[in-house]
Every structure is written in structure tokens, then in C-alpha cells.
Amino acid sequence: MIRVIIAEDMHMVRGALVALLNVEPDIEVVAEMSSGDEILPAATKWRPDVALLDIDLPGKDGLTAAGEIRAALPEVRTLILTGLGRPGTLRRALSAHVSGFMLKDAPASELADAIRSVAAGRRVVDSQLALAAWDSTDCPLTTRESEVLRLAAHGADASEIASKLYLSVGTVRNYLTTIAGKLNARNRVDAIRIATEAGWL
């Protein structure tokens, strides 16, 4: 029996995923949650074979949680679900060493098969998305610049970003100026839009 935990913040979608997977004879959903902050504690408690994670969650996003699982519980495989098939997002997922990456609009039978493949140690990636990622450009931002922009995208101002990342306010402002330049953005809001549309955040 393949034991699965599911993290999805939309209750109807999560309920549908649980119902869909529980009819499979070899898959059992042992826990479900709506927030990214609940994922690692649930994985630690239940020790599932596969963690099925939505990429966009309140609290920690699915990719951050997948990285935490990999560090703490390397035997647990992670399968990321997303509603937006952006090449940059797939690149981030692969960099986080997730076991699989699927679009939410994939047929139900493909999801069950993907869980079986991931549980068996294989990597599963939507083929059209993989081709698009192959042709896409890499994110020009450094890891630190991405962190700064991600916090800005969540509404943090320069002083809040400085406090969270242990930087000076001046350094954060310099980062934001550099980010805008690298992305050919008019301002911070435009930089967030460009990076989000490319799947870099």
C-alpha cells in the first residue's frame, strides 16, 4: 500500500483528490492539510511514501516544504501539483529535487500512475512542460535576489525584508534596484510581475 499525504488549500479540490486516490486499491491517503506549515510535521508523524503538494499554499509554498522533507526525510518522495505550467516553475521544482511535477488539469488516472511511479523511485514530469522548460531562459536573479523579491511580492517593505534576511535597509534597496535592472523592470511591482509570469518566484 502506497501511503500518501496531501497538501492543498482549496477544500473542494483537496476533498476531490482524497476521494479520487482512496478508490485506488494500492493507495491510501493518511493525512491531508491546507497549509504549507503543516507539511513537515505531518510527514514526520505519518512517514508517507509520497507527499502530494500544491505549489501555492499559505505559509510555506510547496517547493519550500518539499525541500524541507528532502532534508529531514529523504525517503519520502514529493510530487508537486500546479495550476500554472510555467517553465520557470518547473526549473525551480527540479532544482528543489522534487520527484514529480504535474499540472492540476491532468487526467485523474495519470495522477494515480504518477504517484505509483514516484513511490517506485522514478521521476515524473509533464512532457509538454518539460519541452517548454528546455527552451526557456534561466532566471537571471541570484538566490538572495530571489528571496528579496519573493518577500516583496508578499507585501513586505524594505525594512521588513531587511529584518527577515538580517540585512541593512540600504542593502535591501540596492538589491531591489539590481533586480529591476536585471529584469528590465520599471519598478518593484513590474519586477514582481515579470518574475511571477516567468515562474521564477
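How are H7 and H8 oriented to each other?

## Packing of H7 and H8

In this predicted model, helix H7, residues 143-153, packs with H8 at an angle of about 130°. The axes of the two helices are 10 Å apart. Angles over 145 degrees would count as roughly antiparallel and those from 65 to 115 as roughly perpendicular; H7 and H8 are therefore oblique to each other. Their crossing is right-handed.

On the H7 side, the contact is made by Arg144, Glu147, Val148, Leu151 and Ala152. H8 contributes Ile161, Lys164 and Leu165. Sorted by class, the contact of H7 with H8 has 5 nonpolar and 3 charged residues, and no polar ones.

Helix H8 spans 158-165, and helix H9 spans 169-182. Tyr166 lies in the loop between these two helices. Most residues other than glycine have a negative phi. Tyr166 is not a glycine, yet its phi is positive, at about 60°.

The relative accessible area of Tyr166 is 76%. Exposed means over 50%, so Tyr166 is exposed.

## The loop between H4 and S5

A positive phi is also found at His97, again in a residue other than glycine, with a value near 60°. His97 is placed in the loop between helix H4, residues 87-95, and strand S5, residues 100-103.

His97 has a relative accessible area of 43%. Partly exposed covers the range between under 20% for buried and over 50% for exposed, so His97 is partly exposed.

Conventions. Residues are numbered from 1 along each chain as its sequence is written. This is a predicted model: local features need pLDDT of at least 70, side-chain atom pairs count only at pLDDT 80 or more; totals for chains, interfaces and linings use all residues. Side-chain values use heavy atoms; hydrogens and water are left out. Helices (H or I, at least four residues) and strands (E, at least two) are DSSP runs, numbered from the N terminus. Buried means under 20% relative accessible area, exposed over 50%, partly exposed in between (1.4 Å probe, protein chains only). Axes are lines fitted to C-alpha atoms, for helices over the stretch in contact, and angles run from 0 to 180 degrees between N-to-C directions. Angles under 35 degrees count as roughly parallel, over 145 as roughly antiparallel, 65 to 115 as roughly perpendicular and the rest as oblique. A crossing is left-handed if the near helix is turned anticlockwise from the far one by less than a right angle, and right-handed if clockwise. Contact means heavy atoms within 4.5 Å. Ala, Val, Leu, Ile, Met, Phe, Trp, Tyr, Cys and Pro count as nonpolar, Asp, Glu, Lys and Arg as charged, and the others, Gly among them, as polar.
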